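Subject: Predicted model, with notes

Hello,

Here is the structure we talked about. My notes follow below it.

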Amino acid sequence: MAGNSGGPWGGGNRGNGRDDDKGGRKPAETGPGIPEIDEVFKRGQDQLRVLMGGRDGTRGTGGRGGGPGISRRFVFLIVAIAAVLWGASSFYTVKPEEQAVELFLGEYYRTTNPGLNFAPWPLVTFEKLPVTREQNEDIGVGGTGSDAGLMLTGDENIVDIDFQVVWNISDPAKYLFNLRDPRQTIRAVSESAMREIIAQSQLAPILNRDRGVIASRLEDLIQLTLDSYDSGVNIIRVNFDKADPPREVIDAFREVQAAEQERDRLEKEADAYAARVLAEARGQAAQTLEEAEGYRAQVVNEAEGEASRFSAVLAEYVKSPEVTRKRLYIEAMEDVLGGMNKIILDESSVGGSGVVPYLPLNELRNQSRGGQ
């Protein structure tokens, strides 16, 4: 092919230097096989130029001898388009609620923050994750349609539990590389932790008063387990929504609960009555004790006073026996006759049978007032 001067595609003048009238194609009889290959390349080049907006082989703008070629503008356009596509694949934006993990040839490279970032494709790729968005996992019969919420308590009762685990991503790199299926892992860990806590609890506290305590313990246990996996997951809170007996026995259970509540009510009323009666009895006992103590003090004081008085009278009797004896007699008669109705017999009257009724002065005074 020494006569080929038409460029890399082999077009242009061949052999005797004649240009055929169809884009430099030589007749087939000038050489078996080789001209046919040149013709195939020539046709492909012409079609490419036509598709790119160029001319056909009869008016080519290529190299010497009328051979086809590609313009500099076309090359620059191809390079510009490739640069734009490469830049679009390399620059990326991370939203405020996201973080991105960059991978260099498939291995962890770095974690980027919100804003415009650059990762030269295809050496560096990235994956964006929502790190502040709260995500929920509903576990239980109501949430999954299965028997995941049926759990055995410590007193061998079955309770139907629905709860919700709210979480977000704390470390995107750990979240991507350490957990194969993060959501399924969180569900499995949460269900296992709840079963452990329920197995250590009694039925009545679970249904009545211990839901807040159980939710707090569950949150701590889930977080501890996920941290041991280096999961990059943060547990925000646990919502303990429901704790009921299974549907098959819930009516009977409610009747039992109503009976227990009635029993508790009657017990409280009985305790209140007993406390009231006991308080009254204790009050009466204390009052009686106080009265007895007062009476004892009164008697003792009176006795001591009488003894002191007797001692004083004895001293006076030793000094003047007759006077003292007469005085004692008069005082004794005064005490005996002071409160009695008396009749005085005057022996000096005729026959000594005169009877004169004696009225106290106050009665006389009352009669005189009534007469007025």
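Of the chain's 372 residues, 24% count as buried (buried means under 20% relative accessible area, exposed over 50%, partly exposed in between, with a 1.4 Å probe and protein chains only). This is a predicted model, in which local features need pLDDT of at least 70 and side-chain atom pairs count only at pLDDT 80 or more, while totals for chains, interfaces and linings use all residues. Residues are numbered from 1 along each chain as its sequence is written, and side-chain values use heavy atoms, with hydrogens and water left out.

Confidence comes next. The average pLDDT (the predictor's confidence in each residue, from 0 to 100) is 75 for the chain, and 71% of the residues score at least 70. Residues 1–34 have a pLDDT below 50, and the model gives this stretch 34 contacts beyond near neighbours in sequence (contact means heavy atoms within 4.5 Å). Residues 56–68 also stay under 50, with 20 contacts beyond four places in sequence. Where pLDDT is low, the predicted coordinates should not be read in detail.

The chain has ten helices and eleven strands (DSSP runs numbered from the N terminus: helices are H or I with at least four residues, strands E with at least two). Among contacts with a separation of 6 or more, 60% join residues 24 or more positions apart.

The axes of helix 5 (residues 182–199) and helix 7 (residues 211–228) come within 9 Å and cross at roughly 135° (axes are lines fitted to C-alpha atoms, for helices over the stretch in contact, and angles run from 0 to 180 degrees between N-to-C directions). Helix 5 is therefore oblique to helix 7 (under 35 degrees is roughly parallel, over 145 roughly antiparallel, 65 to 115 roughly perpendicular, the rest oblique). Residues of helix 5 that meet helix 7 include Ile186, Val189 and Ala193, and those on the helix 7 side include Leu218, Leu221 and Ile222.

- Glu98 lies in strand 2 (residues 98–104) and counts as buried because its relative accessibility is 14%. Glu98 touches Pro114, Lys128, Leu129, Pro130 and Val131, leaving aside residues up to four places away in sequence.
- Glu156, in the loop between strand 7 (150–152) and strand 8 (158–169), has a positive phi near 65°. At 68% relative accessibility, Glu156 is exposed.
- Asp230, in the loop between helix 7 and strand 9 (233–244), has a positive phi near 55°. Asp230 is partly exposed, at 39%.

Most residues other than glycine have a negative phi.

Regards
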